[in-house]
Amino acid sequence: MTQKPKSKQSSTRLVICDSNVIIMMSIFKPSVMFKCKYTFGELAVHKSAITEIERWLRPDSKKLKKFGKPLIEDALRYCSSLETDFQEPALAEREKYHRIMSGLENGLLAAEKGMPTSTVDKDLLLYAKKHNASLATQEQTLRSLGRKVIAHDRILSFEDLVVDAIRQKLLTESEVRSDIDTLTRMGESLRTDGQHKIEAALNPRNVVKKT
Amino acid sequence: MLNIEFLQSKIDQKFSGKVIDFAKAVGVSKQAAYDWLNQKSSIEERRVFDIAFALDLDEAETEALIGVPQTVLCFRKKGMDSADPVVRENSVNLANTFFKIDASSYILKDSFTLDVRASELGTIAKLIRQNLQIDANIPLTFKLLLSELNRHNICVFFIPFSRLGLSLSKSSNREVAFTARKGDRMLVFVDTERTKDEAVFDICHELTHILLGHVDPSEDDERLCNNSAQELVYPKKFFEAHPNELEVFSNATKHSWARVYEKFAQLSRDFDWSPKGLALALRDYGFIGKSSHEFRRLLTLEKTFAKGRKTVDELFFQRFDPSALDTLEAFFSDDIQKDPDIFRPMIELKDAAAFGHLSSRKLAEILTIEAGDADEIVRSWRSMHDESQDDLNDPKTEE
């Protein structure tokens with residue numbers, strides 16, 4: 001049965017999840033990752049991410065070959081309960097957000113690398129900006145542009161969510177290590193800085209303080 | 001660093017100069033806004049979006065705010081009509097993608113003269129030759145042109161226009177090339193469905209736009225660019241310097257069809273010429289008449305030679321097939337290694353995506369493939385790069 005998308009409550013802080021984060025959470029302790037009450041806010045999924053994952057079920061899809069049908073269907077099931085009705089902006093408003101983001105893709109410094117993104121990338125940022133939400137994504141280019149559009153600390157990654165769950169003692173070290181192995185076997189690797197964050201959360205005493 | 005002068009002008013325009021209203025719209029104090037305008041404090045990066053939003057800026061204005069020049073396109077279209085709005089939008093989008101990937105790339109070298117005011121054909125062709133440091137009587141060829149342009153850091157990007165939505169029809173009246181200019185950065189885009197001789201002509205046409213600083217060229221400008229291209233590919237001085245060699249084409253009573261065929265075949269090995277291009281040049285320089293037998297003979301020869309001439313697409317882009325992912329992957333892993341000049345845009349897209357300077361969804365948009373498939377392709381490129389880096393770092397490899 002298809003669930004009706006949740007309506008956004010203006011008082012609730014949201015974490016909008018990109019499809020790449022949803023699939024990682026579906027592999028890595030979904031029972032914890034999709035249920036956790038994150039300090040960053042409540043998980044939310046926009047229908048564009050769901051549509052994207054649904055497209056992974058095409059017979060010739062590379063994601064289908066990589067993950068298999070059951071895992072993709074699980075991911076869709078997990079995120080269906082998180083689908084949020086963001087109230088689509090009017091076309092003129094959407095275009096206004098998009099064209100400003102397109103301008104900012106250049107980078108502010110001449111030596112800085114640019115960050116061309118797609119319309120779906122920009123939509124995800126638009127919802128995060130408009131609803132004062134965080135965006136959880138593994139996509140480097142989107143993360144770079146995101147830092148120019150919403151506050152730095154509102155650009156999250158899968159690893160940030162794992163760290164939050166570790167700090168809330170919802171995940172044990174052995175669970176984390178074994179599920180990271182599973183992720184690696186499934187061809188999903190952690191971001192290098194995220195890996196360090198997880199390691200620090202698992203062993204806070206071992207962390208060498210920056211001088 | 002933001003362009004404060006531009007910011008002030010937009011505040012004047014949108015808020016009638018009332019800084020307090022501007023500050024409110026951005027969500028900062030009046031003092032903070034004054035400090036920005038008086039350059040007493042710098043504007044935090046994350047505020048730039050809010051400022052652009054409050055001022056209702058478009059993409060070019062947002063670029064102006066952050067000090068990035070606007071992108072200006074100049075099309076070469078068969079049929080001379082102005083470019084279709086969809087094609088124009090897609091073309092700007094593609095050019096901007098390359099400009100955004102790396103802000104320090106494609107900067108024209110100082111030695112290339114730009115934006116000159118000239119209308120005399122001889123002067124224009126001479127200036128282009130001076131820029132390229134090529135003698136007046138040497139016909140420009142594909143290879144020579146690409147290497148000279150490379151020296152000046154003007155990249156020629158061969159792109160399958162129709163497959164990427166940069167031209168609407170395959171027949172006449174379609175876009176075949178365009179120049180994108182962003183301040184001192186320059187890119188020339190050429191459709192891969194052009195033969196080498198057509199591509200040389202297109203590039204020379206675009207070089208004339210660049211030299212003359214055309215922004216929105218008129219039909220007269222387009223004609224001038226065509227004539228300049230003709231002079232560069234079929235230089236009058238070359239014709240004057242080789243009267244005996246070219247007599248084959250201008251004296252039908254003396255030379256047989258077989259001799260004309262043989263001579264043209266020899267010339268086309270040295271230069272990227274077409275019989276039609278040669279016929280038009282001989283006619284325009286007064287060597288043969290418009291309705292002469294010699295002119296018609298060369299046009300007939302055009303049909304014979306056209307069959308054997310391959311397009312850049314047929315020569316290099318056969319495996320660039322977005323509808324067949326395995327073939328497309330093979331193109332990106334093998335084919336693009338073969339010729340860095342021809343495949344430079346594809347190499348740049350691949351590297352940018354692999355190093356996180358181009359989102360995989362954006363790559364999917366450009367290549368017209370599914371976002372999930374693009375993401376997996378980019379991951380494979382990234383892991384291939386990581387493996388090659390590991391090999392480089394492995395001491396055993398050094399042995």
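This is a predicted model: local features need pLDDT of at least 70, side-chain atom pairs count only at pLDDT 80 or more; totals for chains, interfaces and linings use all residues.
Visitor: Quick one to start: which residue stands opposite B:Val190 in S4(B)?
Guide: That's B:Ala177. S4(B) is a strand of chain B that covers residues 185-191. Strands here are DSSP runs of E with at least two residues, helices are runs of H or I with at least four, and both are numbered from the N terminus.

Visitor: What happens in the hairpin of S3(B) and S4(B)?
Guide: There are two residues between the strands, and B:Gly183 takes a positive phi near 65°.

Visitor: And how does S2 of chain B pair with S4(B), parallel or antiparallel?
Guide: Parallel, over five bridges, with S2(B) made of residues 155-159. In that pairing B:Val156 sits opposite B:Val188 of S4(B).

Visitor: How many residues of S4(B) are buried?
Guide: Seven of the seven, so the strand is largely enclosed by the rest of the structure. Buried means under 20% relative accessible area, exposed means over 50%, and partly exposed is in between, using a 1.4 Å probe and protein chains only. In a regular strand the side chains alternate between the two faces of the sheet. Here B:Arg185, B:Leu187, B:Phe189 and B:Asp191 lie on one side, B:Met186, B:Val188 and B:Val190 on the other, and both faces are covered. As for S3(B), seven of its eight residues are buried, so that strand is largely enclosed too.

Visitor: Switching to chain A: how many helices and strands?
Guide: Chain A has 11 helices and six strands. Of its 211 residues, 55% count as buried.

Visitor: What's the strand order in the open sheet of chain A?
Guide: S3-S2-S5-S6, four strands with parallel pairing. S3 (42-44) and S6 (155-156) are at the edges with a single partner strand each, so one side of each has no neighbour in the sheet. S2 (residues 14-17) is joined to S5 (residues 134-136) by three bridges, and A:Cys17 has A:Ala136 as its bridge partner in S5(A).

Visitor: How many residues of H8 in chain A are buried?
Guide: Eight of the 10 in H8(A), residues 140-149, so the helix is largely enclosed by the rest of the structure. Among them are A:Arg143 and A:Lys148. The cover includes H6, H7, S5 and S6 of chain A together with H4 and H19 of chain B, where contact means heavy atoms within 4.5 Å.

Visitor: At what angle do H10 and H11 of chain A pack?
Guide: About 160°, with their axes 10 Å apart. Axes are lines fitted to C-alpha atoms, for helices over the stretch in contact, and angles run from 0 to 180 degrees between N-to-C directions. H10(A) and H11(A) are therefore roughly antiparallel; angles under 35 degrees count as roughly parallel, over 145 as roughly antiparallel, 65 to 115 as roughly perpendicular and the rest as oblique.

Visitor: Which residues in H10(A) and H11(A) meet?
Guide: A:Glu173, A:Val176, A:Arg177 and A:Ile180 of H10(A) meet A:Ile198, A:Glu199 and A:Leu202 of H11(A). By class that's four nonpolar, no polar and three charged residues. Ala, Val, Leu, Ile, Met, Phe, Trp, Tyr, Cys and Pro count as nonpolar, Asp, Glu, Lys and Arg as charged, and the others, Gly among them, as polar.

Visitor: Last one: where is A:Asn132 found?
Guide: In the loop between H7 and S5 of chain A. A:Asn132 has a positive phi of about 55° although it is not a glycine, and at 55% relative accessibility it counts as exposed. Chain B has a residue of this kind in B:Gln39, with phi near 55°, in the loop between H3 and H4.

Definitions and conventions: Residues are numbered from 1 along each chain as its sequence is written. Chains are lettered from A and ligands numbered from 1 in the order in which they are written. Side-chain values use heavy atoms; hydrogens and water are left out. Two strands pair if DSSP finds at least two bridges between them.
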